[in-house]
Amino acid sequence: MSRWHKAALVGNPNAGKSALFNALTGARQKIANYPGVTVEKRAGRMILPNGAPIELTDLPGSYGLQTTSPDEEVTRKVILGELAGEPAPDVLVIVLDASNLEQHLVFAQEVIALGKPTVVALNMIDLAERDGLVLDPHALSNALGVPVIPTVAVRRRGLAELGEAIAQAEGHSGEAPHPRARLDMAERRMEAHAIADGVIISESAKHRLHSRMDDFLLHPWLGPVFLLGLLFVVFQAVFAWAAPLQDGLEGLVGLISDGVKAEMAPGLLRDFITDGVLAGVGAVVVFLPQIIILFFFILVLEATGYMARAAFLMDRMMAGVGLSGRSFIPLLSSFACAVPGIMATRSITDPKDRLTTILIAPLMTCSARLPVYAVIIAAFIPNRPVGLVGLQGLVLFGLYVFGIVGAMVVALILRRSVTKGAASGFIMEMPKYQLPRLRDLGLGLFQRGWIFLRRAGTIILQVNIVLWLLLNFPQAQKGQDQVDASFAGHIANGLAVALKPIGFNRDIALALIPSMMAREVAVSSLATTYAVAAGDEDTTAHQLSDQLKKHWSLPTALAFLAWFVFAPQCISTIAVTRRETNGWKWPAFMLAYLFALAYVFAGITYWSAIALGF
Amino acid sequence: MNALPDKVMTLDKLPVGQTARIVAVDWAALVEEEALRLRALGVDVGSKLSVSHRGVFGGADPLALRVGRMTVALRRAHARAMQVMLLENGQ
């Protein structure tokens, strides 16, 4: 055999395709993007009952061959064999939700009419039974003219029979297709109605569970209260539960680094390994806990069907800035960290909406900005009460609001310029509620973590090493400071000229270079610059604030705060944006617009403060 | 069909829980992709549906529709483009 035969799962969204795919392929999966688009390609190896392997692809959920989204476009092209480098599948496996036959048969008829070897999986038959539906698979098979196998993916029911049917259909794959008469959508819908009527043996009027759950979860005031409580837990988890794990991972990298230091003679190579490579590895793995925790919640919310309800509840608010409810969770997550937030935008179906959300995600005040804000506020903002709250807290709150308002304005402008397009609207099917399955969850988490480590991690590591090289070469002569002698020092000299108009001195310019890795690095760089002895974080911060007061004016400090509301100083965010937008165009745009805003607002802040006589 | 002939309104005005049938859609008022998506979800002339829930913040937007065995969410702007005829509940 020159190549493995191929089969593809086709069906409407929410037909349970992914669960069936997981059940059929196990962990033998490969995830990549289809060439040129950010549509995920999921393929895996399935062993047929006769022992032969077959490559199974899980095509994106689709409502028809007339496409309305990049996902559907990919599905159409793959089925028709129009996608370069992607041979048409030999066997099509249509996945139908047994309790939603009338709807799902509309697309199924369109696929069957192509006349290729086709098998139908009548999936989630257990949920249909729970709803009081009794179906006749033989009648369905007769009506459609293709084999129909009842399956329950999550309980592995019907998998062997499905494999048998695929193997048989594969035997016909060499034959020319026998296309049937194509009906238009209205005709297919009438036909679907008639077929469903003939297949449903009995239907009890049992009140369905999920409409009762909707009555609670979409309730005018209980719904939002529940959502708020849930969001609090998610936010708290990403923010707080991740911290000890992150400390642990950092400690582990530190231990390895110490070990290297103990074993190797001091020198440039040792520094390269500890400060370049290992510090880079640390910068990558430190994000893993947040990514895993956030995606645990997101995968559960998606698998249970609640995600669509949350989007429904938040849609009105997001519509105000030209987005839809689907953008809400990714943006909220970005308050903890933009990296998992941007990865979470995959659940936004409209590409323009998704791009806008990715571009504004860095404006949500992430946890890495807190150390920077805390040091500057402690040093320059007097701790006096304003009404019921302290002035310091008020300034911190103001910085968060500044970021949110900035994001809203940017979203409005982007939606009318760069990401302009037909109003994405908000039209979505609200899936039935279901219990998530642990195995699918685990697999999903593993895949997310792996994608981050492999794709974003390599870029982060590379940039880290480049930064280390910039800071350490050329080597300082005797009596010369290494940083001054380095390329970074020279860059800082040039940067200082450009940053002078917004009130930044050369020390700040120098601190900004290494903090491209991550914003909080600005604090340790400033500490190094002002030769603050490294101690634990509290004493460092305390000594640093004394030094800052000596070297900076208040307008400079305020400008520095304004700078960090916007400045995209996080190489991981850039790397993830590259990965999620499939190219350097949008990360470059993100860098440019955020630095421009940072510069403008730092300047405005600086000169306003001077004009006000601070 | 026991339609109530004088009871024709746009879908966004349809009270929650009231069954109705779509009698006309101003497709020109919708973006082509939206129109296609709505039809694919079974929201089209002739569909029988009811509004099951409405959004909370700012003007009862969006709407959740029961269409057959599916729940479909759409915005009020889409619903405004659709004329529905009230049916007696339980038909």
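Buried residues account for 42% of the 91 residues of chain B. In chain A, buried residues account for 45% of the 614 residues. The model that holds these two chains is predicted. Chain A and chain B touch, and the contact takes 28 residues from chain A and 28 residues from chain B.

**Chain B**

- Chain B holds two helices and six strands.
- Along the sequence these elements come in the order β-β-α-β-β-β-α-β.
- Of the contacts in chain B between residues at least 6 apart in sequence, 64% join residues at least 24 apart.

**Chain A as a whole**

- Chain A contains 26 helices and 12 strands.
- The C-alpha trace of chain A spans about 85 × 60 × 40 Å along its principal axes.
- Of the contacts in chain A between residues at least 6 apart in sequence, 72% join residues at least 24 apart.
- The domain assignment of chain A lists domain 1 with residues 6-206 and domain 2 with residues 210-333.
- Taken over C-alpha atoms, the centres of domain 1 and domain 2 of chain A are separated by 34 Å.

- Strand β4 of chain A covers residues 53-58 and pairs with strand β1 of chain A, residues 6-11, in the parallel sense over four bridges.
- Within this pairing, A:Ala7 has A:Leu56 in β4(A) as its bridge partner.
- Strand β3 of chain A, residues 40-47, is joined to β4(A) by six bridges, and these two strands run antiparallel.
- A:Arg45 stands opposite A:Glu55 in β4(A).
- β3(A) and β4(A) form a hairpin, with five residues between the two strands.
- In the turn of this hairpin, A:Gly51 has a positive phi of about 90°.

**Where chain A meets chain B**

- The contact draws 28 residues from chain A and 28 residues from chain B.
- On the side of chain A that touches chain B, at least two residues each come from α3 (101-112), α7 (185-199), α9, α12 (306-319) and β12 (428-430).
- Of the elements of chain A, α12(A) gives the most to this side, with five residues.
- By residue class, the side of chain A that touches chain B has 14 nonpolar, eight polar and six charged residues.
- Strand pairing also crosses between the chains: β12(A) and strand β5 of chain B, residues 70-74, run antiparallel and are joined by three bridges.
- A:Met430 stands opposite B:Thr71 in β5(B).

**A:Leu228 in helix α9 of chain A**

- Helix α9 of chain A covers residues 222-263, and A:Leu228 lies in this helix.
- Is A:Leu228 buried or exposed? A:Leu228 counts as exposed because it has 10 C-beta neighbours inside 10 Å, and the cut-off for an exposed residue is 12 or fewer.
- A:Leu228 and A:Ala310 are 82 residues apart in sequence, and their C-alpha atoms are 9.8 Å apart in space.

Conventions. Residues numbered from 1 in each chain as written. Chains lettered and ligands numbered in written order. Predicted model: local features only at pLDDT ≥ 70, side-chain atom pairs only at ≥ 80, totals over all residues. Domains from an automatic or database assignment. Buried ≥ 20, exposed ≤ 12 C-beta atoms within 10 Å, placed from the backbone. Contact = placed C-beta atoms within 7 Å. Nonpolar A, V, L, I, M, F, W, Y, C, P; charged D, E, K, R; others polar. Pairing = 2+ DSSP bridges.
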